[in-house]
Amino acid sequence: MKKFLFLIFTLISFNCFAIEKTTTFTIDKFEKAQLEGKVVVINSWNKTCYTCGKQVKILNEAEKEFKNVLFLSFEQQRDIEIAKLLGIEYWTTIVAYKGNKEIYRSIGQTNKSKIYSAIEAL
């Protein structure tokens, strides 16, 4: 009985970490931004990933501060075609483009100052 209760508690606890985020990436938005030479920051996440949740929180704050940057995101497991298009294999990946050139990529970075420094350098 103790094992059963522990299992139920564990499963419920994992749902507490679930990210409330939706996919904002579309090919049209991405290609339009590239043609306009804009800086685009793309975040790959999974709703039950703790590290992803930390990244999402940081990037949501960054989106409010960096008005000249287009922030897009997608759920890695659900949007497999986007992941293939961008060559993203891991949930916690941040990729930045300026125009049609990739200029930054990180995996698992959750340090706010490092993420902000990378965006500022774009």
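Let's start with Glu75. Buried or exposed? Buried: its relative accessible area is 8%, and the cut-off for buried is under 20%. Keep in mind that this is a predicted model.

Where does Glu75 sit? In strand E2, which covers residues 69-75. What does Glu75 touch, once we leave aside its neighbours within four places in sequence? Thr23, Trp45, Asn46 and Lys47.

Now to the salt bridges. How many does the structure hold? There are 5. The general idea is simple. Side chains of opposite charge can pair when their charged atoms come close.

Pair Glu61 with Lys112. Their side chains meet in a salt bridge at 2.7 Å, N to O. Glu61 lies in helix H3, residues 50-65, and Lys112 lies in helix H5, residues 112-121, so this pair ties together parts that are 51 residues apart in sequence. How accessible are the two partners? Glu61 is partly exposed, at 27% relative accessibility. Lys112 is also partly exposed, with a relative accessible area of 37%.

Next, Arg105 and Glu102. They form a salt bridge, and the closest N and O atoms are 2.9 Å apart. Arg105 counts as partly exposed at 32% relative accessibility. Glu102 counts as partly exposed too, at 34%.

Then Lys32 and Glu36. Their side chains meet at 3.9 Å, N to O. The cut-off for a salt bridge is within 4 Å, so this pair counts. Lys32 is exposed, with a relative accessible area of 53%. Glu36 is partly exposed, at 43%. This pair also belongs to a network. Which residues are linked in that network of salt bridges? Lys32, Glu36 and Lys38.

Back to H3, the helix that carries Glu61. First, its length. H3 has 16 residues, and at 1.5 Å a residue they should span 22 Å. The end C-alpha atoms are 24 Å apart, which agrees.

Second, its buried side. Which residues of H3 are buried? Cys52, Gln55, Val56, Ile58, Leu59 and Ala62. And what covers them? The cover includes strand E1 (39-45), E2, strand E3 (93-98) and H5.

Two links to take from that. E2, part of that cover, is the strand where we found Glu75. H5, also part of the cover, holds Lys112, the salt-bridge partner of Glu61. That's my tour. Questions, please.

Methods: Residues are numbered from 1 along each chain as its sequence is written. This is a predicted model: local features need pLDDT of at least 70, side-chain atom pairs count only at pLDDT 80 or more; totals for chains, interfaces and linings use all residues. Side-chain values use heavy atoms; hydrogens and water are left out. Buried means under 20% relative accessible area, exposed over 50%, partly exposed in between (1.4 Å probe, protein chains only). Helices (H or I, at least four residues) and strands (E, at least two) are DSSP runs, numbered from the N terminus. Contact means heavy atoms within 4.5 Å. The expected span of a helix is 1.5 Å times one less than its number of residues.
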